[in-house]
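I opened the model to look up a few side-chain contacts, ring pairs and a pocket. My entries follow in the order I made them.

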Amino acid sequence: MNTLKIWRIAFVMLAAFSLASCSSDDDNEDISKDIIMNVSAEPGVMYDLFDSMGEHPIECMRVMTEDEPGRWQNLYFSEVKGFTYERGHEYVLRVKRTILANPPQDASNRTYELVRILADKKVEDVAELRPHPL
């Protein structure tokens, strides 16, 4: 009788351990969401990760997303797949943002794909709309 009780306890512990050690596939899935993105008419400037002295500026897009209003971010011109930036134009875009569960080590954990251009406004005096530094 004692041996049977020990075996039952061992079985319950083994079953509990097995269930607890199973990981959810949700932890390894990319998360996609359509968001609104504003693109400034005036491009921004950023620097390569290895350009610690700021000697080689790279021109880029200045964007603000609906989930981070008031915060301008720099993105490479080619970072929104399917979108071609034209200097002097303000854009409002609907993009599909995907947060990668397992991003490459040498790349961002986010990707952007153009869904639709909601607005495209040509700005005559681009200097007036230059985003304020962060």
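**Entry: E42.** I started with E42 and asked where it sits. E42 is in the loop between β1 (31-39) and β2 (44-47). This is a predicted model, so I read each value as computed from it. Is E42 buried or exposed? I found a relative accessible area of 8%. The cut-off for buried is under 20%, so E42 counts as buried. I then looked for a side-chain partner. The side chain of E42 makes a polar contact with the side chain of R87, at 3.3 Å.

**Entry: salt bridges.** How many salt bridges does the model hold? I got a count of four. I checked where the two partners lie. R87 is in the loop between β5 (80-81) and β6 (89-99), while E42 is in the loop between β1 and β2. The two residues are 45 residues apart, and the pair links distant parts of the chain.

I compared the accessibility of the two ends. R87 has 46% relative accessibility and counts as partly exposed. E42, at 8%, is buried.

Next I looked at R87 again. The side chain of R87 also meets that of E59 in a salt bridge, 3.0 Å from N to O. Which parts does this pair tie together? E59 lies in strand β3 (residues 57-65) and R87 in the loop between β5 and β6, so the pair ties together parts that are 28 residues apart in sequence. E59 has a relative accessible area of 43%, so I noted E59 as partly exposed.

I also looked up R71. R71 forms a salt bridge with E68, and their closest N and O atoms are 2.5 Å apart. R71 is partly exposed, with a relative accessible area of 42%. E68 is partly exposed too, at 23% relative accessibility.

Which residues are joined by salt bridges that share partners? I found one network made of E42, E59 and R87.

**Entry: aromatic rings.** I turned to the rings. The count came to three aromatic pairs. How do the rings of F83 and Y91 meet? Their centres are 4.9 Å apart and their planes stand at 90 degrees, so I logged the pair as edge-to-face. F83 is buried, and Y91 is buried as well.

I then took Y85 with Y91. The centres of these rings are 6.3 Å apart and their planes are at 55 degrees, so the pair is tilted. The cut-offs explain the label, because edge-to-face needs over 60 degrees and stacked needs under 30. Y85 is buried, like Y91.

I followed the ring pairs onward. They link F77, F83, Y85 and Y91 into a cluster.

**Entry: largest pocket.** Last, I looked up the largest pocket. What is the volume of the largest pocket? I read about 210 Å³. I then listed the lining. D48, L49, F50, Y76, E79, D106, A107 and S108 line the largest pocket. I sorted these residues by type. The lining divides into four nonpolar residues, one polar residue and three charged residues.

**Entry: recap.** Y91 pairs with F83 edge-to-face and with Y85 in a tilted pair.

Technical notes: Residues are numbered from 1 along each chain as its sequence is written. This is a predicted model: local features need pLDDT of at least 70, side-chain atom pairs count only at pLDDT 80 or more; totals for chains, interfaces and linings use all residues. Side-chain values use heavy atoms; hydrogens and water are left out. Helices (H or I, at least four residues) and strands (E, at least two) are DSSP runs, numbered from the N terminus. Buried means under 20% relative accessible area, exposed over 50%, partly exposed in between (1.4 Å probe, protein chains only). A polar contact is a pair of N or O atoms within 3.5 Å; within protein, one must be able to donate a hydrogen and the other to accept it, and residues adjacent in sequence count only if both atoms are side-chain atoms. Rings of Phe, Tyr and Trp (its six-membered ring) pair if their centres lie within 6.5 Å; planes under 30 degrees apart count as stacked, over 60 as edge-to-face and the rest as tilted. On a 1 Å grid over the protein atoms alone, a cavity is a set of points where a 1.4 Å probe fits but cannot get out, and a pocket is an open set with protein on both sides within 12 Å along at least five of seven lines; lining residues have an atom within 4 Å of a point. Grid points are joined across faces, edges and corners, and a volume is the space filled by probe spheres set on the points. Ala, Val, Leu, Ile, Met, Phe, Trp, Tyr, Cys and Pro count as nonpolar, Asp, Glu, Lys and Arg as charged, and the others, Gly among them, as polar.
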